Amino acid sequence: MDATHSKSAFVYGQVRRALQSGRYAPGQRIDPATLAAEFHISPTPVRFALYRLVGEGMVADHARNGMHVPLLTEVAMRDLYDWMERLLLMACDIGVAPMFRKTRKLELARADDDLVKLTWQLFDAIAGATGHWSLHHAVKRANDRLAPIRRAKHGLLERSFEELSELNRHWQTRDIPALKSALRDYHERRKQLVPGIVALLSDRSDYLH
């Protein structure tokens, strides 16, 4: 791997984690020159990294207006929640591959735990346990696209900790019928909140600009 590709891979990992952690809010501009200065590298590997993230749907390229974290419409956000729900229900129907029967338990100790990160990990575990790479990859991509939205809307939903704890409990006990029912309820609550989430994110995007 040459130096440019090595630096690009480094920036890709850093920005991807920053998007998941909520450093960049939906609608916020990501400036390649600023990242290049931050990482003390030239803009070229930064642009390679950002275009890779564009290809994964985590960054949007608005041409003259530059790179932004995607700010979804109501239709697109509802579609993304629906897609994640369908993928997870498919994973439940496929079941756990023998090699993944003993999976690492997800620990939820307190209501102030990082629920966005824990949600990502739980959904990733459900998909990964099927042993189907394509399904697991699709859930990873949907998870990554939803992470900034989950982070930005934090506080809009009550009982989020209890809700995730219930999902985790059903997963750990392999109560698949209960898990599927809880996953449907989880996503239905979010789809009902889509107009409010989009309005909230649009207001924050206007403030950032």
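A salt bridge here is a side-chain nitrogen of Lys or Arg within 4 Å of a carboxyl oxygen of Asp or Glu. The model is predicted, so local features need pLDDT of at least 70 and side-chain atom pairs count only at pLDDT 80 or more, whereas totals for chains, interfaces and linings use all residues. Residues are numbered from 1 along each chain as its sequence is written, and side-chain values use heavy atoms, with hydrogens and water left out.

**Overall make-up**

- The protein chain contains 9 helices and 3 strands; helices (H or I, at least four residues) and strands (E, at least two) are DSSP runs, numbered from the N terminus.
- The order of the elements from the N terminus on is α-β-α-α-β-β-α-α-α-α-α-α.
- Of the 209 residues in the protein chain, 46% are buried; buried means under 20% relative accessible area, exposed over 50%, and partly exposed in between, with a 1.4 Å probe and protein chains only.
- The protein chain exposes about 11200 Å², and carbon and sulfur atoms supply 53% of that area. Accessible areas come from the Shrake-Rupley method with a 1.4 Å probe, and for residues only the protein chains shown count as cover.
- Contacts (heavy atoms within 4.5 Å) between residues at least 6 apart in sequence join residues at least 24 apart in 76% of cases in the protein chain.

**Salt bridges**

- Side chains of opposite charge can pair when their charged atoms come close.
- The salt bridge count comes to 11.
- One of them joins the side chains of R16 and D144, at 2.5 Å from N to O. R16 lies in helix α1 (residues 3-21) and D144 in helix α6 (residues 133-152), so this pair ties together parts that are 128 residues apart in sequence. D144 is buried, at 4% relative accessibility.
- K140 and D124 form another salt bridge, at 3.1 Å from N to O. Because K140 lies in helix α6 and D124 in helix α5 (residues 115-128), the pair ties together parts that are 16 residues apart in sequence. K140 counts as partly exposed at 25% relative accessibility, and D124 as buried at 14%.
- E56 and R52 meet at 4.0 Å from N to O. E56 is buried, with a relative accessible area of 18%, while R52 is partly exposed at 44%.
- A network of salt bridges links D82, E85, R86 and K191.

**Nonpolar cores**

- A nonpolar core is a set of buried Ala, Val, Leu, Ile, Met, Phe, Trp, Tyr and Cys residues joined through side-chain atoms within 4.5 Å.
- The largest nonpolar core has 37 residues, and the members that touch the most others are M77, F123, I126, V139, I149, L167 and L183.
- Helices α4 (74-94), α5, α6, α7 (160-172), α8 (176-192) and α9 (194-208) each supply at least two residues of this core. The largest share, 9 residues, comes from α4.
- Leaving aside residues up to four places away in sequence, I149 touches P26, L72, M77, L80, Y81 and I197.
- A second, separate core has 19 residues, among them A36, F39, M58 and V69.

**Aromatic pairs**

- Rings of Phe, Tyr and Trp (its six-membered ring) pair if their centres lie within 6.5 Å; planes under 30 degrees apart count as stacked, over 60 as edge-to-face and the rest as tilted.
- There are 2 aromatic pairs by this rule.
- F10 and F39 form an edge-to-face pair, 5.5 Å centre to centre with 80 degrees between the planes. The pair links distant parts of the chain, with F10 in helix α1 and F39 in helix α2 (residues 32-39), 29 residues apart. F10 is partly exposed, with a relative accessible area of 43%, whereas F39 is buried at 16%.
- The rings of F123 and Y186 have centres 5.5 Å apart and planes at 85 degrees, so this pair is edge-to-face. F123 in helix α5 and Y186 in helix α8 are 63 residues apart, and the pair links distant parts of the chain. Both F123 and Y186 are buried.

**Charges over rings**

- A charge sits over a ring if NZ of Lys or CZ of Arg is within 6 Å of the ring centre and within 35 degrees of the ring normal.
- The charged end of R52 sits over the ring of Y12, 3.6 Å from the ring centre.
- R174 lies over the face of W171, at 4.0 Å from the ring centre.
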